[in-house]
Amino acid sequence: MLRIDLEGHFQEKIDKEDRIEAKDWMPEAYRKTLIRQISQHAHSEIVGMLPEGNWITRAPSLKRKAILLAKIQDEAGHGLYLYSACETLGIDREELLNELHTGKAKYSSIFNYPALTWADMGAIGWLVDGAAIMNQIPLCRTSYGPYSRAMIRICKEESFHQRQGYEIMLTLSKGSDEQKNMAQDALNRWWWLSIMMFGPNDNDSTHSAQSIKWKIKRFSNDELRQRFIDMTVPQAELIGLKIPDPDLKWNEERKSYDFGKIDWDEFWNVVKGNGPCNKQRLKDRIQAYENGEWVRDAAVAYAEKRREKN
């Protein structure tokens, strides 16, 4: 009986748009859902640094290099905010990272594809970060307080990432034929991957309905995907690039774009670990973690020394 009352009070708080805080009572399923979602988000931020990091030394100018470095640094910070938010749910960061390194935890499958040209830095910023923003802005109003507060700063910084990516594509589209072709090629390779970022269709999404009831999510996968497509198609047209979807057309009745069939077989194949870069991404993350062990040990030793002095 007590449990029913607690769950009823919990849902009542959510329905009134009150935030759930770390010390509040919450159903175990709510806590586990948040750990899964926030940790996946954090893992995606730090794994997402890898394809961009390969282009730091190959950026076409000092200005571009400085911007890319700042973007990657932002993403590292986003990962730290999110791991901290996740820890408020009673899970240790070492456990979160161990789940990533062993393959138990997932991250956004889009980062398992290679960045082949400089135009990919534009496409990733414009499309991948653009899709992320579409997903993440509603999370500023998610029901769990520490997560919603972390998302406010993350979304502000992601908006700059999206703009700099679009500016790269704009510059290339105004350049030589080779540069225009490079921009179009990047769009061709990243378009379908970016609209897969919103997750499976609503009918096939395991967690969406309950997450929406708990107001962890505010909109369904298909709603967000449609908004992203409707926003992005005019942006592509403005800079003279063509969306690689022969079935794309404006639906006057719906006031939205109809679009082609998504290759969900490819999506699930990559989620299962069979993408072009899955193994390399995990190898690089594990190596980075192991190489940083001395820094963590030094920080712990310094903290202990400070405590002894006090």
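Helix α5 contributes the most to the lining of the second largest pocket, with 4 residues. The model is predicted, so that local features need pLDDT of at least 70 and side-chain atom pairs count only at pLDDT 80 or more, whereas totals for chains, interfaces and linings use all residues. Residues are numbered from 1 along each chain as its sequence is written, and side-chain values use heavy atoms, with hydrogens and water left out.

The volume of this pocket (an open set of points on a 1 Å grid over the protein atoms alone, where a 1.4 Å probe fits, with protein on both sides within 12 Å along at least five of seven lines) is about 320 Å³. Of its 14 lining residues (those with an atom within 4 Å of a point), Leu80, Leu97, Arg285, Tyr289 and Arg296 are the closest to its centre. Two or more residues each come from α4 (62–87), α5 (93–101) and α12 (278–291). The lining comprises 8 nonpolar, 2 polar and 4 charged residues.

Beyond four places in sequence, Phe228 is in contact (heavy atoms within 4.5 Å) with residues including Leu127, Met134, Trp191 and Phe198.

Ser173, in helix α7 (residues 145–173), is buried (under 20% relative accessible area), at 11%. Its side chain reaches the backbone oxygen of Ile239 at 3.3 Å.

Conventions
Points joined across faces, edges and corners; volume = space filled by probe spheres on them. Nonpolar A, V, L, I, M, F, W, Y, C, P; charged D, E, K, R; others polar. Buried < 20%, exposed > 50% of the residue type's maximum accessible area, 1.4 Å probe, protein only. Polar contact = N/O pair within 3.5 Å; in protein donor to acceptor, adjacent residues only side chain to side chain.
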